[in-house]
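Visitor: Please take one part of this model and go through it closely. After that, carry on into the rest, so that I can see where the part belongs.

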Amino acid sequence: MASEARAFVLLAAVVMGALVWNLFSGAFSIPLDAMVRVLGAALGVCDPAQEDRRFALVLLDVRLPRLCLACAVGATLGFSGAAMQGVLRNPLAEPGLLGTASGAALGAVAAIVLEGVLTRRHDFAPFVVPVAAFLGAVLSTAVVVAVALPSSATLLLTGIAINALAGSAIGLLISLANDEQLRSLTFWMIGSLAAANWSQCGIVVAIGAVVFRHALALDATTLGDDVAGHLGLDAVAVRGRVLAAVALAVGAGVAFVGMVGFVGLVAPHLVCLMMGARHRLVLPGSALLGAVLVLLADLAARTIAAPTELPLGILTGLLGGPFLLWLLIHVGVRGGVS
Amino acid sequence: MGAIRFCLCTVMAVCALAIAPLARAEPSPMRIVSLSGSLTEIVAELGFADRLVGVDRSSLRPPELVRRLPKVGSPRSVSIESVLAVSPTMVIAYDDMQPTETLAKLGDLGVVVILVMRRSSVESAREKVLRVAEGLGVPEKGQALVAAIDRDLAWPSGKPKPDRRLRALFIQTMGNGPLMVAGGNTAAEALMAVAEVDNAVHGFEAYRPLNPEAAAAANPDVIIILRRALERVGGEEGLAAMPGLGEPPAICEHRIVIADDSAFIGLGPTTGASVRHLREAVYGR
């Protein structure tokens, strides 16, 4: 028990460290005293100073919402991966494998390529792609679950089929796209937090929090042990509810930041390797670790090549892959989440 | 035996039919396929619009013309069969076209291939026009078009140059990711320089995603943005709501120039007019 608590404190400390590191780095350098004044003014402690206007703009409208969205999306992907691995009893399950991510990508790409047909009015234009991505994620997961809910073995296979279908449809749409559309959808496919704002944070945090509570409650009944096995139909319903919740949460995250691969797969495994496969720990632990992964990857994305940006979805893999390999070599496999 | 002879005859007849358009190519009028948006515009501008029989998907102008023409491929993947299907006598393309074998094969089949170099300088707009005009056999029309472009490019005589050059951010794409902006060695930067405008961002080449904080640090006086990008982000209000574009002088003083894709990226016959438009929008002269 003490070691669990220690591990959690350690993870929370790492999240805080990553947050602070992110807060102090960026292409726009903000002196420490200005940062303290701006944050103080934002919290109502002191009056905003006129000369800090630009610092306040960068810190409050660019850097902080981006930090929050990185945390929220990372945590969502982390616990979604853990919940899926637990529910499906398959260590390879993750939002990507069940077609959630590829469905979102198909929705977004279709919206970008077919936008001339979809949007006659330009006022809606900024919302079309996120909404299409969200619908794509939810729909594709719904198809997978509806086809294969009775057995988790066919569930994965159905997910693979949907992935292949979505991948081909995306390829087809890409071949129809013009140069300008290609540039837009490339960015969507490799993920980016650059467009983060407070309303996006709010939506992802709100949906994520509801789903997280839901998943935690389920954890006690089904993930803990195999009791659910002889609950029969009920276990199927539970599985469907968790998958639906995960699709909602991942759909919301992916709708705003694009494809961020690997976090959902790797975060639960890292937590298991570090803390052992105790289910009560794996969900919150994966959420924390997912947040750390995305925070660090985004830190690299926005600072290494400044003033330009690197693609986030590629950096999460670059960061998570070697870490997983290192843990596998040094700690060894103590078993998956299932 | 008779059946075999029949088959052979059929095969030969089909072959003859297939080759027929190529064999007839010499005396019949010119049939042109253009494989790039700005090249299509040049062909149309030189008075050969009615000779175009096929274009690629990047050809958007003149709209009433390209709408009814068959599309033979995307800029980076041209299908040789689609090109041959419209039986061209001449194909006009960039030298970096993909797949590279396509143009060689077309040449082997007797199609005249006019290759144009792709470079990001204002000079290349002139070169392109001259090269295409020469290929079409109307060099004097090319000279006239270049002269028209040059008139627009030149700073109007008798008007003083600005005391302070303004700094512009050229935005190519935006939406759910970072701003895609023009760095060094781009057509956009070259056009800005002709209009006496400086690039607000430095330190990288080509079109790259710009960090929003770097956009705030650049604090541009002018924003030049492609029409489609501005529409996607929801107009001028949407632009001001983008992270990092809160309140630079460009937004506060409404110095937003809507750029034309083919002029600023493709460098075509409208490049001169676009530079004049930029100069007038920024400096009022």
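Predicted model: local features only at pLDDT ≥ 70, side-chain atom pairs only at ≥ 80, totals over all residues.

Guide: Helix 4 of chain A is mostly covered, with 14 of its 14 residues buried. The helix runs over residues 100-113 of chain A. At 1.5 Å a residue, its 14 residues should span 20 Å, and the C-alpha atoms at its ends are 20 Å apart, so the two values agree. An α-helix has 3.6 residues a turn, so residues three or four places apart point the same way.

Chain A has a mean pLDDT of 81, and 86% of its residues reach 70 or more. Confidence in chain A is lowest in helix 5 (residues 115-118), where the mean is 61. The highest value in chain A belongs to helix 12 (residues 279-303), at 89. Over residues 334-338 of chain A, pLDDT stays under 50. For that stretch the model has 22 contacts beyond four places in sequence.

Of the 338 residues of chain A, 50% count as buried. Among contacts in chain A between residues at least 6 apart in sequence, 78% join residues at least 24 apart.

One residue of helix 12 can be followed in detail. Asp298(A) lies in this helix of chain A, and it counts as buried because it has 31 C-beta neighbours inside 10 Å, where the cut-off for a buried residue is 20 or more. Apart from neighbours within four places in sequence, Asp298(A) is in contact with Ala70(A), Leu193(A) and Leu312(A). Asp298(A) and Leu88(A) are 210 residues apart in sequence, and their C-alpha atoms are 30 Å apart in space.

The peptide bond from Ala306(A) to Pro307(A) is cis, with omega near 10°. Most residues other than glycine have a negative phi, and most peptide bonds are trans.

Asn219(B) is not a glycine, yet it has a positive phi of about 50°. Asn219(B) lies in the loop between helix 9 and strand 11 (222-226) of chain B. With 14 other C-beta atoms within 10 Å, Asn219(B) is partly exposed. The second case is His254(B), a residue other than glycine with a positive phi near 55°. His254(B) is placed in the loop between helix 12 (249-252) and strand 12 (256-259) of chain B. His254(B) has 10 C-beta neighbours inside 10 Å and therefore counts as exposed, the cut-off being 12 or fewer.

Chain B as a whole has 14 helices and 12 strands. Of its 285 residues, 47% count as buried. Residues 24 or more positions apart account for 58% of the contacts in chain B with a separation of 6 or more.

Within chain B, 4 strands form an open sheet with parallel pairing, in the order 2-1-5-6. Strand 2 (52-55) and strand 6 (112-116) of chain B are at the edges with a single partner strand each, so one side of each has no neighbour in the sheet. From one strand to the next, the twist averages 20°. Strand 1 (residues 32-34) and strand 2 of chain B pair in the parallel sense over 3 bridges, and Ile32(B) has Leu52(B) in strand 2 as its bridge partner.

Two helices pack on this sheet. Helix 2 (residues 37-48) of chain B touches strand 1, strand 2, strand 5 (90-94) and strand 6, and its direction makes about 145° with that of strand 1 of chain B. Helix 6 (residues 122-135) of chain B touches strand 5 and strand 6, and its direction makes about 170° with that of strand 6 of chain B.

The two chains also meet: 35 residues of chain B are in contact with 35 residues of chain A. On the chain B side, the elements that give two or more residues are strand 7 (167-173), strand 10 (207-210), helix 9 (212-218), helix 10 (227-233) and helix 11 (235-240). Helix 9 of chain B gives the largest share of that side, 5 residues. By class, the side of chain B that touches chain A has 13 nonpolar, 14 polar and 8 charged residues.

Notes. Residues numbered from 1 in each chain as written. Chains lettered and ligands numbered in written order. pLDDT = per-residue confidence, 0-100. Contact = placed C-beta atoms within 7 Å. Pairing = 2+ DSSP bridges. Axes fitted to C-alpha atoms, helices over the stretch in contact; angles between N-to-C directions. Nonpolar A, V, L, I, M, F, W, Y, C, P; charged D, E, K, R; others polar. Expected span 1.5 Å × (residues − 1).
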